[in-house]
Amino acid sequence: MENAIEKHTIAVLVDNEPGVLARVIGLFSGRGYNIESLTVAEVNNADHLSRITLVTSGTRMIIEQIKAQLGRLVPVHRVHDLTDEGPSVERELALVKVAGTGDKRIEALRLADIFKAKVVDATLTSFVFELTGTTEQVDDFVGLMTQLGLVEASRTGVVAMSKGPAAF
């Protein structure tokens with residue numbers, strides 16, 4: 001059980017300045033850790049703070065090392081393991097282009113309705129769908145669209161936040 005691979009979502013509050021993202025990425029690449037998803041955005045303009053949300057996998061020991069090493073980086077203010085700290089909400093946005101006519105076109109629209117995906121562009125031979133959901137929901141939708149004429153998909157990566165009134 002000690003060597004079981006776990007997936008963790010980690011939120012990191014950092015100074016919004018040049019080179020910070022490169023330092024965080026360097027920590028992962030230098031030690032051979034994988035990043036499965038990465039999103040970054042400024043969250044506090046007045047204090048020049050950005051939030052990095054990343055999803056990574058590893059043994060419990062590796063995850064603890066990642067959190068400790070992130071916490072030691074100078075531009076890092078806080079590190080939160082949302083997976084360990086209790087309930088959280090995770091979402092991902094995807095744009096999915098599907099080409100097809102006839103029955104495949106009708107089936108793509110039917111599935112999009114089931115997944116609550118919005119049509120954001122349409123031509124006589126293709127659609128671009130916008131879908132927001134969990135990573136698993138996006139994976140499922142893309143998998144189904146692959147069978148119906150998937151042309152391409154673009155994904156934002158995971159954004160996450162703990163549930164409840166407490167702030168990051």
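Modeller: A polar contact is a pair of N or O atoms within 3.5 Å, where within protein one atom must be able to donate a hydrogen and the other to accept it, and where residues adjacent in sequence count only if both atoms are side-chain atoms. The model here is predicted, so local features need pLDDT of at least 70 and side-chain atom pairs count only at pLDDT 80 or more, while totals for chains, interfaces and linings use all residues. Residues are numbered from 1 along each chain as its sequence is written, and side-chain values use heavy atoms, with hydrogens and water left out.

Biologist: How many residue pairs are in polar contact between domain 1 and domain 2?

Modeller: Four residue pairs, both partners at pLDDT 80 or more, are in polar contact between the two domains.

Biologist: Where do the domains lie in the chain, and what area do they bury between them?

Modeller: Domain bounds come from an automatic or database domain assignment, which here gives domain 1 as 5-85 and domain 2 as 89-162. Their C-alpha centres lie 28 Å apart, and eight residues of domain 1 are in contact (heavy atoms within 4.5 Å) with eight residues of domain 2. Buried area is the accessible area (1.4 Å probe) that two parts lose on being put together, summed over both; for this pair of domains it is about 580 Å², with 52% on carbon and sulfur atoms.

Biologist: How many salt bridges are there between the domains, and how many does the structure hold?

Modeller: Side chains of opposite charge can pair when their charged atoms come close. A salt bridge is a side-chain nitrogen of Lys or Arg within 4 Å of a carboxyl oxygen of Asp or Glu; the count between domain 1 and domain 2 is zero, whereas the structure holds 12. One of them joins the side chains of aspartate 81 and lysine 67 (3.2 Å, N to O). Aspartate 81 lies in strand β4 and lysine 67 in helix α2 (residues 60-72), so the pair ties together parts that are 14 residues apart in sequence.

Biologist: Which residues is histidine 80 in contact with, leaving aside its neighbours within four places in sequence?

Modeller: Histidine 80, placed in strand β4 (residues 76-81), is in contact with Thr9, Ile10, Ala11, Glu85 and Phe168 once those neighbours are left aside. The side chain of histidine 80 also makes a polar contact with the side chain of glutamate 85, at 2.9 Å.

Technical notes:
Helices (H or I, at least four residues) and strands (E, at least two) are DSSP runs, numbered from the N terminus.
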